[in-house]
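Colleague: Could you walk me through this model and tell me what stands behind the words you use for it?

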Amino acid sequence: MAPLFLSIKLASVTTVILIILGAPLSWWLSQSRSRWQPVVQAIVAMPIVLPPTVLGFYLLVVLGPHGAIGSWWVQLTGDTLTFSFVGLVIASCLYSLPFAVQPMQNAFESLSRKNLEAAWTLGASKLDAFLSVAVPLSIRGFVSAAVLSFAHTLGEFGVVLMVGGNIPGETRVVSIAIYDHVETLNYAAANRLSVVLIVFAFVALFGMFLLNRRWQSR
Amino acid sequence: MSRIRLKHSIRKGDFCLDVDTDIPATGITGVFGESGSGKTTLLRCIAGLDGSQHGLPPVHERRIGFVFQVPQLFSHLSVQKNIEYGMRRNSDAVVSVNEIARLLEVDGLLDRSVTELSGGEAQRVSIARVLCQSPRLILMDEPLSALDERRRNEVLPYLDRLHAETSVPIIYVSHNIDEICRLSDHLLVLDDGKVVAEGGLQDTLTRIDLPQLGGRNSGAVIEATQARYDEDYDLTLFSFSGGELWVAGRHESTSARLRISASDISLSRVAAESTTILNILPAIIESTLPETAATELVQLRLGDDILVARITRRSLQQMKLCAGDEIFVQIKSVTVRR
């Protein structure tokens, strides 16, 4: 069960980071009329279409002990980023970014600008209006973003394999463990973990759609 | 009397707003103009939502209340939380939420969700919300235009009350001359982004040289006091500087603002005796101006007040009416605006 808990830990940390960093990014994407907006939009969406191995490969290069970020990390902490939990978190954040950004961006885009203008004229600064009006009114987008990034991180395999490897307790997440069990023909163990993932994925998505429907009918 | 300077210019595609004027720092200033004349843009510039804001404080530090056409309540907050939103963000706002809620009669709605409110209630809540931020100036952008006739009448009396009970200057934008006549003390007429007239309501309304105030918009308002009520015929007699006027129905207020449309006045050289028209008063012609090929507008002085009449050019010529002539005005209908 250790891989399962590691997966949940990884997905939780990734989700929290993605919501915190993804919200301002989504806000910018939803409000900006800059000519860079479509460029950033495309970059954010790339992990959806790229094979995970491509992302994994470049992350391995950049995060590795001789890479731009990896070497700096080694100087700072003495540890390598690749084949570590922190490295996995960085990889997961990039890999799941579009799943966090798109629901939040959609929610922000459906807000009425006049509603925000009302908040500003009532004395709320831009940041205050964002936190007190835009975020609560976009709560559906935040829930979708959290569920999707959590579930998507839980389900990743290729990137994790390339960046994290298979170190028990550190990078051996549930998808790797299942692959391992199959490799060693331990079908019973593979089945146990897979069933847990199937049930979880269904419950999470079902809960999200149910919640969405209830909010819609309000 | 102190005044508020309005100096704003902004270009939006083909449209260009260029305003440089000042308005009194008390009462309600009506901003009248056709749609597309730049009324809303002017308000947005004053609030800091549009236009160059170089060197000016940001929107949220201006303390300028903005009442939008659609109330713009925050749907995730209760009525009470909505009303308190601005107050919490202006720490020196010394207001009583209860008092303001009572003024607008939304005190019974405080616990409700804003999604349960009718259009008229929602607009009243949004006005209460603006008052609670204790603004230095209130901007109202056609606050009644999104409401149907019945809902409009649910809000209008509260605007009257607001006018009577608050000292905060209000700029009220509308393309509805009746609302302007009822609410404002001062009038600013906009056309294609420029101020074409500005002054006291009565003086400005009775200018006959402004095509923006022509057509069905032409007419005058006069301030009158109630003289007596005739129970037998259900008529109220009002007196003003130019004489007395009978108005149908019973009116409670001792002082009233009466609206007389230019099309409801006809002129006669003699005081007709056998006529159904109740109100016939002596007047002096101030000036005349051709309006269309068929019609003329005539400015008439009655005491200290001015009325405007629309007559045909033919009548003007046949009766040889000129400025300075003494004449009788026959007033077919008078409406009480306040």
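This is a predicted model: local features need pLDDT of at least 70, side-chain atom pairs count only at pLDDT 80 or more; totals for chains, interfaces and linings use all residues.

Colleague: Why do β11 and β18 of chain B stand at the edges?

Modeller: The order of the five strands in this open sheet of chain B is β11-β10-β9-β12-β18, with antiparallel pairing. Both β11 (243-248) and β18 (335-336) of chain B have a single partner strand, so one side of each has no neighbour in the sheet.

Colleague: What makes strand β7 of chain B mostly covered?

Modeller: A residue is called buried if 20 or more other C-beta atoms lie within 10 Å of its own. In β7 (residues 186-191) of chain B, five of the six residues are buried.

Colleague: How do you know which strands pair with β7(B), and in which sense?

Modeller: Strand β3 (residues 28-32) of chain B runs parallel to β7(B) and is joined to it by four bridges; there, B:T29 has B:H186 as its bridge partner. Strand β8 (residues 194-200) of chain B pairs with β7(B) in the antiparallel sense over six bridges, and B:L188 is partnered by B:E198. Two residues lie between the strands in the hairpin of β7(B) and β8(B), where B:D192 takes a positive phi near 50°.

Colleague: What makes a set of residues a nonpolar core, and how many residues has the largest?

Modeller: The members must be buried and joined through C-beta atoms within 7 Å. The largest such core has 130 residues, and B:V125, B:A128 and B:L139 are among those with the most contacts inside it. Helix α5 (residues 85-109) of chain A gives the most to this core, with 11 residues. Domain 1 (3-205) and domain 2 (219-336) of chain B each supply at least three residues to this core. Leaving out residues up to four places away in sequence, B:A128 touches B:I83, B:I100, B:A101, B:L104 and B:V106.

Colleague: And where the chains meet, how many residues does each give to the contact?

Modeller: Chain B gives 18 residues and chain A gives 13 residues. On the side of chain B that touches chain A, β4(B) gives the most, with three residues. By class, that side of chain B has eight nonpolar, eight polar and two charged residues.

Terms used
Residues are numbered from 1 along each chain as its sequence is written. Chains are lettered from A and ligands numbered from 1 in the order in which they are written. Two strands pair if DSSP finds at least two bridges between them. Two residues are in contact if their C-beta atoms, placed from the backbone, lie within 7 Å. Ala, Val, Leu, Ile, Met, Phe, Trp, Tyr, Cys and Pro count as nonpolar, Asp, Glu, Lys and Arg as charged, and the others, Gly among them, as polar. A residue is buried if 20 or more other C-beta atoms lie within 10 Å of its own, exposed if 12 or fewer, and partly exposed in between; C-beta atoms are placed from the backbone. Domain bounds come from an automatic or database domain assignment.
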